[in-house]
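Please read the following account alongside the sequence and the coordinates.

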Amino acid sequence: MNGIVVYSELEETALGLLTKGRELASELNKPLSVALLGEQAGDRAENTFGYGATQAFIADSPALTPFQASTYAAALKQIMTHAEADIILIGSTRRGRELAPRLAQKLSAGCVTDAISLSVEDNRLIVERRALGGNTVSAKVITSQQQVVAVMPKLYDAEPMTGGAGEVIPVSLELQGPTTKVLERRPKEVGIGNLEEADVLVCIGRGLNDKGDLSLIQPLVDSVGGMLGCTRPISHEYHWLTEDQMVGLSGKESSPNLYLAIGISGQIQHTVGVMNAKVIVAINNDKNAPIFKIADYGIVGDLYQVVPKLTEKLQSEFGQ
Amino acid sequence: MNIIVCMKQVIDLEQIRIKPNTREPVTKGLPLLFGDFEKCALEEAVRIQEKHGGKVTALAVGSPKLKDTIKEALAIGADEAIILTDPMFNDSDAMGSARVIAKAIHKIGEYDLILLGDSSADEYSGEIPPRIAELLDLPQVGFARELEILEGNDQGTNTKTIRAVRDLEDALEVVELDLPAVVGVTSELNTPRLAPLSAILKAGRKPLNEWGPEDIGITADEVGANASVVEVLSNLAPVQDRKEIIYEDVEEGVAEVVKALLQEGVLTQ
Ligand SMILES: Cc1cc2nc3c(=O)[nH]c(=O)nc-3n(C[C@H](O)[C@H](O)[C@H](O)COP(=O)(O)OP(=O)(O)OC[C@H]3O[C@@H](n4cnc5c(N)ncnc54)[C@H](O)[C@@H]3O)c2cc1C
């Protein structure tokens, strides 16, 4: 067995994984292929060759709709057999996180989800992921014959190469139909979008008393041309902001120039999302709040006093 | 409805210290707690039981400290607990832990639903629910944030299905599947109750069983450090070099912080 297969239900993620995959494939001296499942699998195949796949395994089956992890795991196991692959890279989306460990168990293989870095050392694939709630980063090697790695979906940008070519290989799958019924799909409300790309990120936490008090925060956000994000309780419990505005381990990760935390305690599951910010500023009325331990600058005080003063000062500096 | 709730005790992540010179985490001796996700799983199991009857069994693999930790689960409402603390299970990878849990579930035998936290608070890997579902050949739903049990009757036989709202990135997906199934839940599911003092006192009288490797029929080649197929090369805190300049006077703080931000060049005029 010697080959790398890439799979993600998101095309952009699959192409990003192929982009990284071609580097790994050349270092590990393995062929790189892609698994494409579903109706238009064939139409998507050609494009993947421009990102490094040399084989595209395409398959469709009524059993693939709706998504059921066990069925997708069975499909990918069969494709790995066809490809004679020992490594599979899967996009660590919500779907990918349900699928990758199930596939790994089918293969009696080791698995790493939410990988944040892939590299090769001594001919081994080294995978990094966060551990201890985000306190640490651990580097791992999977030692089973086959390896399942689910990679953060936006980790690698898709970059086409020149002169890629490959072969389309249809695979007929033996699958059992899903037993799960999908009754409804309710699209989520979309907030302000790409927090990942914010230059200035202002986040609020449970220090804010009321949704109405967002009117106090927004002028501050505007004064520095920032984006507004939040901790998990604000979006997922109180629904004051949309869920795509939540920052942290289970939300968005961002590397802004400035991260401003307002009324946030600084628990690791949140702060891990902004660890790479250039400068961190915190406002909290508890001088022992853990957020001050990871801040460059902090102001101990009631946010209802501090925020208006800070806004005024910034507005006067920036003449708005 | 017989429900098994799988729970993992994790160290209090708030209390982890990092050795400044080596960046190693210091985790020894820290208190062990159940994570928010598993507490929600347990709370949901108790609520389902209140409505549909049956039994709630808490199941946990971990260090001998579980004897204490698990009391919280019994106080909140589990009828019975099973803990697996044998040293043979130490340093298992996710596959090893999943095998122990699946074998214990198999031994329990009668169940309609397996509930657990979608991911643990410490590793957040989400590997256990899909792995035990695979080992038990059951369907799974992850990221469940709403659950409803539907009991019906199909030509004389009782049917049990579960309706779950699965939390995807851009949508909520409402799915329905026949039980038994494995369901991984998130903290949006409910607000777990705090056990009243009387329940904490009574928890000590509920059945607490300890099972070892022989009880569940597992051997050292399936579990523990030797069976692990994921080698950890290092586990270190990323270097964080923060200034930690904290102002306790608001007026001064506001003035100094704005000055500093302009100097740092992180705000552009
Ligand atoms: C598996 C898992 C994954 C998670 N993922 C995430 C994630 O991705 N993102 C996330 O954010 N959370 C996540 N969490 C939740 C996380 O652990 C914390 O519960 C959450 O981040 C706390 O939010 P908070 O700081 O707003 O609230 P709190 O911890 O309640 O802090 C509120 C802070 O506000 C301060 N305050 C109160 N009043 C004022 C005032 N008037 N002026 C100034 N300060 C004030 C208080 O001193 C306190 O420090 C996750 C948890 C688990 C178990």
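The model is predicted, and every value quoted here is computed from it. Chain A contains eight helices and 16 strands. Its C-alpha trace extends over about 65 × 50 × 35 Å along the principal axes. Of its 320 residues, 61% count as buried. When contacts in chain A between residues at least 6 apart in sequence are considered, 64% of them join residues at least 24 apart.

The surface of chain A may be described by its composition and its charge. The accessible surface amounts to about 12,600 Å², and 45% of this belongs to carbon and sulfur atoms. Chain A carries 28 positive and 37 negative side chains, and the centres of these two sets are 7 Å apart. A patch of negative charge on the surface is formed by Glu11(A), Glu12(A), Asp157(A) and Glu159(A). Within this group, Glu159(A) belongs to the loop that connects strand S9 (147-151) and strand S10 (167-170) of chain A. Its relative accessible area is 44%, so Glu159(A) is classed as partly exposed, a class that lies between the limits of 20% and 50%.

A loop position can also be buried. Gln68(A) is situated in the loop between strand S3 (55-59) and helix H3 (69-83) of chain A. Because its relative accessibility is 6%, Gln68(A) counts as buried; the cut-off for this class is under 20%. Apart from neighbours within four places in sequence, Gln68(A) is in contact with Pro178(A), Thr179(A) and Thr180(A).

Attention now turns to a helix and its packing. Which residues of helix H5 (residues 214-223) of chain A are buried? They are Leu214(A), Ile217(A), Leu220(A), Val221(A) and Ser223(A). After H5(A) comes Gly225(A), which has a positive phi near 60 degrees.

Chain B supplies a nonpolar case. On its surface, Leu197(B), Ile200(B) and Leu201(B) make up a nonpolar patch, and together they have about 340 Å² of accessible area. Ile200(B) lies in helix H5 (residues 197-203) of chain B. With a relative accessible area of 46%, Ile200(B) is partly exposed.

Note on methods
Residues numbered from 1 in each chain as written. Chains lettered and ligands numbered in written order. Predicted model: local features only at pLDDT ≥ 70, side-chain atom pairs only at ≥ 80, totals over all residues. Heavy atoms only, no water. Patch = residues over 30% accessible without salt bridge, like charges linked within 9 Å, V, L, I, M, F, W, Y side chains within 5 Å. Areas by Shrake-Rupley, 256 points an atom, 1.4 Å probe, with all protein chains shown as cover. Salt bridge = Lys/Arg side-chain N within 4 Å of Asp/Glu carboxyl O. Helix = DSSP H or I, 4+ residues; strand = E, 2+ residues; numbered from the N terminus. Buried < 20%, exposed > 50% of the residue type's maximum accessible area, 1.4 Å probe, protein only. Contact = heavy atoms within 4.5 Å. Lys, Arg positive; Asp, Glu negative; His and termini not counted. Charge placed at Lys NZ, Arg CZ, Asp CG, Glu CD.
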